[in-house]
Amino acid sequence: MKRISIIGAGESGIGAALLAKSLGYEVFVSDSGSIADSRKIQLASQEIDFEEGTHTVDRILAADELIKSPGISFENALVKKAVGAGIPVIDELEFACRHSKGKIIAITGTNGKTTTTLLTYHLLKAAGIDAGLAGNVGQSWAAQLVDGDHAWWVLEVSSFQIDGFKNLKPDVAIIMNITPDHLDRYQYSLDNYIQSKMNLLQNMDAEGDFIYYQEDENIQKGLNMQSLSAKVHPISLSQLADAGGFFDGNAIYVRHTAGELQIAKEDVALKGNHNMLNVMSAIQAALIAGADEVALKAGLKDFKNAAHRMEHSGEVDGVVYINDSKGTNVDATAYALAAYPAPLVWIAGGVDKGNDYTQLYPFVRDHVKLLICLGKDNEKLKSAFAGIVPEIAETQHMVEAVKLAQQKAELGDIVLLSPACASFDLFKNYEDRGEQFKQAVKKLKIERE
């Protein structure tokens with residue numbers, strides 16, 4: 001019986017364990033932290049051995065293959081021991097792809113990948129195509145395969161997940177953009193991060209389709225790093241290419257095998273230039289998968305984006321509160337700042353990932369009236385915007401941040417939570433941060449009534 005060890009008992013680890021067990025493998029799950037009670041119940045119900053709070057190295061390395069959480073780097077000491085011992089180390093998506101006959105649309109990018117993934121899935125479903133949603137969004141792909149396969153799988157994939165690929169081969173690959181992020185994982189080298197993203201294409205051949213943002217300099221740099229066999233579909237804000245997409249400020253144009261699709265921006269639920277790039281990418285992918293134009297147009301009208309991405313979270317005393325907690329890097333926050341008119345009260349901060357805040361100066365100067373720094377260590381943020389923003393405050397509590405915003409905001413202002421940083425100093429994750437923001441706004445509204 002083949003033995004599989006899994007390190008990390010999050011969504012991907014539990015999913016891999018359930019699929020491996022259903023296939024008859026001997027499975028052992030190890031997490032150096034605590035495992036959620038609900039997940040322990042899942043493991044116990046399938047008679048899967050597990051441990052928490054430690055790693056029993058000898059038992060883990062007694063496996064024929066090791067599946068790791070994407071959050072665990074290949075530089076991790078235990079992972080390096082496994083590799084040194086000749087044990088193959090992969091991630092959950094690589095394991096799952098071996099056991100699916102479905103075609104794959106794999107979507108990555110520093111920003112926009114969740115919106116594009118959800119929209120692509122929505123368009124396929126609207127067109128009546130048998131499709132599943134997995135990867136870095138929703139339920140684990142491996143866990144879903146326990147219950148059944150789909151003709152198409154739409155996967156959101158992070159650079160960490162791509163690093164765990166060996167044979168996974170997308171039928172359609174989308175790279176939305178590449179801007180500096182997670183550089184602490186990539187030896188603070190942008191080239192290393194670019195290469196990680198471009199590795200999504202490493203197994204593709206002439207039968208595959210590659211959709212990408214043509215004006216992105218880092219994608220172009222990545223394309224120069226490797227050869228590409230797949231058919232290309234450039235998405236652009238400046239020109240319409242063969243088999244590509246173009247937004248001219250008023251309408252979307254997408255060329256495909258059956259002709260050219262044109263959609264007015266008013267007929268799309270998503271707004272903003274950056275979202276038009278997401279929309280064009282999703283349309284092109286859906287067309288390749290066989291979606292018809294009538295279904296696409298209907299799907300674009302009724303799509304609802306994920307929570308915590310420029311999400312309207314309430315209005316109090318004529319001030320609108322926007323939850324963009326998913327804006328965890330500088331580029332994402334730039335999109336959010338540009339999307340709303342001045343004056344803004346901006347709540348930012350958290351775990352800095354090597355951010356260059358000077359990129360935000362054009363979006364902040366004469367636009368943000370107050371910056372509220374929300375983090376354990378706000379010195380870099382305060383220093384970066386001293387003299388750029390008229391007033392800077394700081395706190396380590398979300399309720400206080402919202403109250404500070406309410407005190408300074410006036411009728412017609414917008415309060416924007418867009419941290420440009422990871423959440424792990426004060427919150428469990430970006431969802432927790434966003435939910436606490438929404439609850440604080442709700443509480444404020446009740447108090448003002």
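These legends describe close-up views of a predicted model. Residues are numbered from 1 along each chain as its sequence is written, and side-chain values use heavy atoms, leaving out hydrogens and water. Local features need pLDDT of at least 70, side-chain atom pairs count only at pLDDT 80 or more, and totals for chains, interfaces and linings use all residues.

**View 1. An open sheet has nine strands.** Strands (E, at least two residues) and helices (H or I, at least four) are DSSP runs, numbered from the N terminus. The order is S7-S8-S6-S9-S10-S11-S12-S13-S14, with mixed pairing. S7 and S14 (259-264) are the edge strands, each pairing on one side only. Two strands pair if DSSP finds at least two bridges between them.

**View 2. S10 and S11 run parallel.** S10 (209-213) and S11 (231-236) share five bridges. Tyr-213 stands opposite Ile-235 in S11.

**View 3. Helix H6 is largely enclosed by the rest of the structure.** H6 (113-126) has 14 residues. Ten of them are buried, meaning under 20% relative accessible area (1.4 Å probe, protein chains only). Among them are Lys-113, Leu-118 and Leu-124. The buried residues pack against strands S6, S7, S8 and S9 and helices H11 (273-289) and H12 (293-302); contact means heavy atoms within 4.5 Å. Just after H6, Gly-128 takes a positive phi of about 75 degrees.

**View 4. S15 and S16 form a hairpin with two residues between the strands.** S15 (311-316) and S16 (319-323) pair in the antiparallel sense over four bridges. His-312 stands opposite Ile-322 in S16. Asp-317 takes a positive phi near 55 degrees.

How values were computed. Expected span 1.5 Å × (residues − 1). Buried < 20%, exposed > 50% of the residue type's maximum accessible area, 1.4 Å probe, protein only.
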